Structures are given as C-alpha cells and as structure tokens.
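Hi there,

Here is the structure I promised to pass along. Have a look at it first, and then read on for what turned up.

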Amino acid sequence: MPPGLRAPLDELRKAKPRDLLLLEVLARMNDDPARATRRERGADAKTPDAERVKAADLLRAVRDPQAKELFLAQLKSAKSDAVRVGMLAGLESYDNPAIGETILAGYPSYTAAVKKRAVQLLLTRPAWAIP
C-alpha cells in the first residue's frame, strides 16, 4: 500500500469497520486485517448469502492463500446453494489435487445446481476430472 494512503485508510477503517467497499480496496492493497475480516464474514452463517459469496469472490481474485481452507469448509457446511456455488468458484484459483478429491467426495450430497458448478470446476483441471 502506498505510504501516503495508509493513514487516511486506517482512519476510514476505524470510522467504518464493516464498510464492504473499503474492505475490498484494502484487501486488494494486500492489507491482512481486511482480508481476515472478509474471511470471517465469508465463514459466518449469519452473514447474508450475497455478502458471503462476494467475500469468496474477492478472496479468489486476490488469491488469498488462507482462503482455500475457508472455501473447502464452507463447501461442506453451508446450507445455501448460492454460498456453496460461490465457494466452488473460489476454489478455481487453487491447483491442489486434494481439492478435486474433496469435491468428488462430496458430490453425491450436492444439489443439482451445486453439482453443475462442481463439474465445471473439475473440468478446469484435467488431473481433477480424471481419477
């Protein structure tokens, strides 16, 4: 983050700690606390589904290395198809073979919408699609 922006953005964060646009800007500037807040909101079942999906999308876009575990955990535990599909989208930015195995293991329990997105994700990595 450019040094001249640090102080004003920190003041804004103190004034508006839950402002989604501010958190997005900070996360894109590699701000660890902002990314941690987005991970927390993405994992919180009390957070609206749309915000959880948006958090997953942002964490995928910035390639947050700690988000992979969040995506995998929420894929298993989320009740909403929208959240599960969002977590699958987040997993696209990772190449770990264990991700494909985890998706395949959970596949029988997915709804039709989640299965469709899971197949799309599995086909992005040939090693995942061919056991």
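Let me start with a rule for rings: those of Phe, Tyr and Trp (its six-membered ring) count as a pair if their centres lie within 6.5 Å, and planes under 30 degrees apart are called stacked, over 60 edge-to-face, and the rest tilted. Before the results, please note that this is a predicted model, in which local features need pLDDT of at least 70 and side-chain atom pairs count only at pLDDT 80 or more, while totals for chains, interfaces and linings use all residues. Residues are numbered from 1 along each chain as its sequence is written, and side-chain values use heavy atoms, with hydrogens and water left out.

**The overall picture**

The protein has nine helices and zero strands; helices (H or I, at least four residues) and strands (E, at least two) are DSSP runs, numbered from the N terminus. The C-alpha atoms fill a box of roughly 50 × 30 × 15 Å along the principal axes. Of the 131 residues, 41% count as buried. Here buried means under 20% relative accessible area, exposed means over 50%, and partly exposed is in between, with a 1.4 Å probe and protein chains only.

The protein exposes about 7300 Å², and carbon and sulfur atoms supply 58% of that area; accessible areas come from the Shrake-Rupley method with a 1.4 Å probe, and for residues only the protein chains shown count as cover. If we take contact to mean heavy atoms within 4.5 Å, then among contacts between residues at least 6 apart in sequence, 52% join residues at least 24 apart.

**Aromatic pairs**

How many aromatic pairs does a search of the whole structure find? There are two. In one of them, the ring centres of Phe71 and Tyr94 are 6.2 Å apart and the planes stand at 65 degrees, so this pair is edge-to-face. It links distant parts of the chain: Phe71 is in helix H5 (residues 67-77), and Tyr94 is in the loop between helix H6 (81-91) and helix H7 (97-106), 23 residues apart. Phe71 and Tyr94 are both buried.

The rings of Tyr107 and Tyr110 also have their centres 6.2 Å apart, with planes at 70 degrees, so this pair is edge-to-face. Tyr107 is partly exposed at a relative accessible area of 28%, whereas Tyr110 is buried at 7%.

**Charges and salt bridges**

The protein carries 23 positive and 17 negative side chains, and the centres of the two sets lie 3 Å apart. For that tally Lys and Arg are positive and Asp and Glu negative, with His and the chain ends not counted; each charge is placed at NZ of Lys, CZ of Arg, CG of Asp or CD of Glu.

Side chains of opposite charge can pair when their charged atoms come close. A salt bridge is a side-chain nitrogen of Lys or Arg within 4 Å of a carboxyl oxygen of Asp or Glu, and by this rule the count comes to 15.

One of them joins Asp31 to Arg6, with the closest N and O atoms 3.1 Å apart. Asp31 lies in the loop between helix H2 (20-28) and helix H3 (32-43) and Arg6 in helix H1 (residues 3-15), so the bridge ties together parts that are 25 residues apart in sequence. Asp31 is buried at 4% relative accessibility, and Arg6 is partly exposed at 35%.

Glu11 and Lys14 are three residues apart, so about one helical turn separates them. Lys14 is exposed, with a relative accessible area of 65%.

Another bridge pairs Arg117 with Glu92, the closest N and O atoms being 2.6 Å apart. This pair also links distant parts of the chain, with Arg117 in helix H8 (residues 112-122) and Glu92 in the loop between H6 and H7, 25 residues apart. Arg117 is buried at 14%, while Glu92 is partly exposed at 28%. Finally, salt bridges that share partners join Arg6, Asp10, Arg13 and Asp31 into one network.

Enjoy exploring it,
Your colleague
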